[in-house]
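Please look through the sequence and the 3D structure shown here before reading the notes that go with them.

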Amino acid sequence: MDIESIRKEALDNLKQIKNKEDLDLFKKDYLGKKGKIREFFSSIKDLPIEEKKTLGQKINQLASEIEEIFLLKEKNFNKEEKEEIDLTLPAKPTELGSLHPITQVKREMERIFQLMGFSVVEGPEIEDEWYNFDALNIPEGHPARDALSLGKTFYLKGGNLLRTQTSSAQVRYIEKMKPPIRIIVPGKVYRYEKTDASHETNFFHLEGLLVDENVSVANLKAVLKKFLEEFFKREVDIRLRPSYFPFTEPSFEVDMLCTVCDGKGCSACKRTGWVEILGSGIVHPNVIKNGGLDPKKYKGFAFGLSIDRPTMMNYKINDIRLFHSGNLNFLKQF
Ligand code: DAH
C-alpha cells in the first residue's frame with residue numbers, strides 16, 4: 001500500500017466514526033503498536049538508506065496528520081458526552097444583584113421631588129473654582145471655605161477641582177434655564193477628610209434649587225416638610241434655625257423632630273430632641289446675578305442634604321465607610 005491510499009482510507013474511516021468503540025478501534029488499527037502506520041514502517045526497513053529516509057519522513061507526516069484529526073474527533077466526543085443535557089434537572093439558581101442602598105435612597109428622594117415638579121439634573125464632578133466657589137459668593141480667602149469644610153478640596157492639574165458640594169450646579173443651571181427653575185442635583189461630592197465612622201472622602205449630596213418670582217421662606221419650609229414626610233413615611237416636625245451659608249441669605253439649618261424619641265431626647269438626637277437634617281436658605285442675590293438673572297425680579301430657595309446620612313438612619317448603618325467598601329456581605333443585605 002502506498003502513503004496516499006493509506007491517508008485516504010484513514011480519513012474516510014475517521015469520517016464514519018459514530019461512537020466511542022469505532023474511535024478506539026480506529027486508534028488500534030492505525031496508530032496502535034500493530035497498526036497500519038507501524039506496519040508501513042516495518043515494510044520499508046530493508047529499502048536502501050536514502051529511499052528509507054524520504055519515505056520515513058512521509059510516513060511520519062502522515063502519522064501526525066492522522067493523529068491530529070483523531071485527537072480532535074476524540075475531544076469532540078468527550079465534549080458531547082459531557083454536554084448531554086438532562087432536562088429533568090432543576091435549573092441552576094441565578095444570583096441576582098441588588099441596588100446599592102445609596103442608589104435606592106437617592107431614587108426614592110428623586111421620586112418625591114419629581115412629584116413636586118422638580119427635574120432631576122446632573123452637574124459635573126470635575127468642576128472649576130468659579131462654579132464651586134466664586135459664583136456661589138465664596139471668593140478666595142473667604143473664611144466660609146474652611147468653616148464649611150469646603151477648604152478640604154481636592155485640586156486637580158489645570159486649575160480644576162473635585163466638587164466639594166452639589167451647590168456647584170446652581171449657577172450652571174440658572175445660566176441655562178429660564179425661570180421658573182425647579183431642579184434637584186443628586187451626586188457625589190469630594191472632601192479631603194480624615195475618614196472615620198462618620199466621615200468619608202466621597203459621599204453623596206442632593207442639592208435643590210427653585211428660582212421664580214415671589215419665592216418665600218414659607219415655600220421652602222413647606223417643600224422640605226412635605227419631602228421629609230414622604231421620605232420618612234410619617235408626620236414630621238421641622239424647625240428652621242438661623243445659620244450661615246455664603247450663597248443664601250437668610251440661611252437656615254433645618255432640624256427634624258427626632259423620630260426615635262419624638263422630641264423627648266435620646267441618644268440618637270444627643271438628648272436635644274432634634275436632628276439636624278439639611279442646610280438651606282433664600283438664594284443670595286449675587287448668585288442669581290452670577291447666573292445672569294436680575295435679582296430684583298427673581299428670588300429662589302436652595303437646600304442641600306446628605307444622601308448618606310438618611311440612608312444610614314434608614315437602615316441603621318453605623319459606619320459610612322461601608323458604602324464604598326465593596327463588601328458583599330454588607331451589600332447583599334439590601
Ligand atoms: N452645600 C452645602 C454643604 O455642602 C449644603 C447647602 C446648604 C446647600 C445650604 C444649599 C444651601 O443649597 O442653601 O454643606
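The briefing below goes through the ligand site, the domains and some backbone details.

This is a predicted model, in which local features need pLDDT of at least 70 and side-chain atom pairs count only at pLDDT 80 or more, while totals for chains, interfaces and linings use all residues. Residues are numbered from 1 along each chain as its sequence is written, and side-chain values use heavy atoms, with hydrogens and water left out.

**The ligand and its surroundings**

- The ligand is surrounded by 15 residues, where a residue counts as near if one of its heavy atoms lies within 4 Å of the molecule; the closest are Gln 165, Ser 167, Arg 191, Glu 207 and Thr 248.
- Of the residues in this shell, four are nonpolar, nine are polar and two are charged, with Ala, Val, Leu, Ile, Met, Phe, Trp, Tyr, Cys and Pro counted as nonpolar, Asp, Glu, Lys and Arg as charged, and the others, Gly among them, as polar.

- Ser 167 has a polar side-chain atom 2.9 Å from a nitrogen atom of the ligand, and Arg 191 has one 2.8 Å from an oxygen atom of the ligand; a polar contact here is a pair of N or O atoms within 3.5 Å.
- The backbone also takes part, as a polar backbone atom of Phe 303 is 3.4 Å from an oxygen atom of the ligand.
- Taken alone, the ligand exposes 350 Å², and the protein buries 92% of that, with accessible areas coming from the Shrake-Rupley method with a 1.4 Å probe.
- Strand 5 (202-212), strand 8 (274-283) and strand 9 (299-306) are the elements that give two or more residues to the shell around the ligand; strands (E, at least two residues) and helices (H or I, at least four) are DSSP runs, numbered from the N terminus.

**Domains**

- The protein chain is divided into domain 1 (3-83) and domain 2 (101-331), with bounds that come from an automatic or database domain assignment.
- The centres of domain 1 and domain 2, taken over C-alpha atoms, are separated by 77 Å.

**Backbone details**

- The peptide bond from Pro 179 to Pro 180 is cis, with omega near 0°, and Pro 180 is found in the loop between helix 8 (169-176) and strand 4 (181-190).
- Glu 249 and Pro 250 are also joined by a cis peptide bond, with omega about 0°, and Pro 250 lies in strand 7 (residues 248-257).
- Asn 137, a residue other than glycine, has a positive phi near 70° and is found in the loop between helix 6 (129-132) and helix 7 (144-147).

Notes:
Polar contact = N/O pair within 3.5 Å; in protein donor to acceptor, adjacent residues only side chain to side chain.
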